[in-house]
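Please read the paragraphs below alongside the model.

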Amino acid sequence: MPTTPNRTPRDWLLTARQTLPRLRGILGKLKPTYHLDDVRGIDTKFLNSHSIQGLIWDVDGTLTNYHAMEVADELRPHVETLFADKTLQHAILSNCDERRFDELKTVFPAIPLIRAYQSPTGTVFRTALGNDDTHSNDRITNLLAAGGRQIRKPSRELIAHATKVLGVEPDRCVMIGDQYFTDVASANLADTRSIKVKTFGKRTFPRSIQTTQKLELAIYRVLNGVPRT
């Protein structure tokens, strides 16, 4: 099993800080289009039956253990098959910090990584594909030092931009992730479909994040009348 770096979950705290002021509007956007146990349920039959051509991926808890440096062993063969399918377009949209973003360039060198920043002059979109990056780390450091901030899921504009990068119509795209408040809500805000998977490698996440994941699930069940199983 891949090792997991010991890090403070500061990225999750920043996500919570951006989400809380909009919480009332987000609570009505938590219901996914599809529920699957994990990404292995996304096969050719599923994709064809739902006319899906563009896949927007979360990473930690969806494809990997927390901050791991490779796709989980159990999922890797299936994910590699999906990534190799020339009829599909893929992009990654993660709420990770800048350090993790650099790591993901090496973990997924052939998949576009997308993020955005709110700068004093407007929204700045960033796309990295392996060593090719629309914005250098120095430029991003200067942007953040000048008062900019990373735009995190849930975000309508992140999904909308991801579909443009994919070159696929929004109604043919799907957001895949393990979190209701970030992944599913983003898709619903952008009128795009979503696939909610169970958090993979849950025990590799810091205890604080595990606690918030349980709270998120409890809120979702209450709002949607889902009985506890």
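What follows starts with the basis of the description and then moves from the cores to the salt bridges and the backbone.

This is a predicted model, in which local features need pLDDT of at least 70 and side-chain atom pairs count only at pLDDT 80 or more, while totals for chains, interfaces and linings use all residues. Residues are numbered from 1 along each chain as its sequence is written, and side-chain values use heavy atoms, with hydrogens and water left out.

The largest nonpolar core has 31 residues. A nonpolar core here is a set of buried Ala, Val, Leu, Ile, Met, Phe, Trp, Tyr and Cys residues joined through side-chain atoms within 4.5 Å; buried means under 20% relative accessible area, exposed means over 50%, and partly exposed lies in between (1.4 Å probe, protein chains only). The residues with the most contacts inside this core are V39, I42, L55, W57, F108 and I195. Two or more residues each come from β1 (34-36), α3, β2, α4 (76-84), α5, β8 (173-177) and β9, where helices (H or I, at least four residues) and strands (E, at least two) are DSSP runs numbered from the N terminus. Of these elements, α5 gives the most to the core, with 3 residues. Leaving aside residues up to four places away in sequence, I195 touches Y34, L36, I42, F46, V174, M175, I176 and G177, a contact being heavy atoms within 4.5 Å. Another core, of 15 residues, lies apart from the largest one and includes I56, A162, V168 and A190.

The charged side chains come next. The whole structure holds 13 salt bridges, each defined as a side-chain nitrogen of Lys or Arg within 4 Å of a carboxyl oxygen of Asp or Glu. One of them pairs K153 with D183 at 2.6 Å, N to O. This pair links distant parts of the chain, 30 residues apart: K153 is in the loop between β7 (149-151) and α7 (156-166), and D183 is in helix α8 (residues 180-189). K153 counts as buried because its relative accessibility is 2%, and D183 is classed as buried because its value is 2%. Salt bridges that share partners also join E98, D102, K105, R115, R126 and D133 into one network.

Within helix α5 (residues 98-107), E103 and R100 lie 3 residues apart, about one turn of the helix. Their salt bridge has its closest N and O atoms 3.2 Å apart, and both E103 and R100 are buried. How exposed is E70, which has a relative accessible area of 34%? E70 counts as partly exposed because of that 34% value. Its salt-bridge partner is R76, at 3.4 Å, N to O, and R76 is partly exposed too, at 23% relative accessibility.

Some backbone details remain. Most residues other than glycine have a negative phi, and most peptide bonds are trans. K153 and P154, however, are joined by a cis peptide bond with omega about 10°, and P154 lies in the loop between β7 and α7. S51 is not a glycine, yet its phi is positive, near 50°. S51 sits in the loop between α3 (44-49) and β2 (54-57) and is partly exposed, at 35% relative accessible area. D191, also a residue other than glycine, has a positive phi near 55°. The loop between α8 and β9 (193-197) holds D191, which is exposed, with a relative accessible area of 69%.
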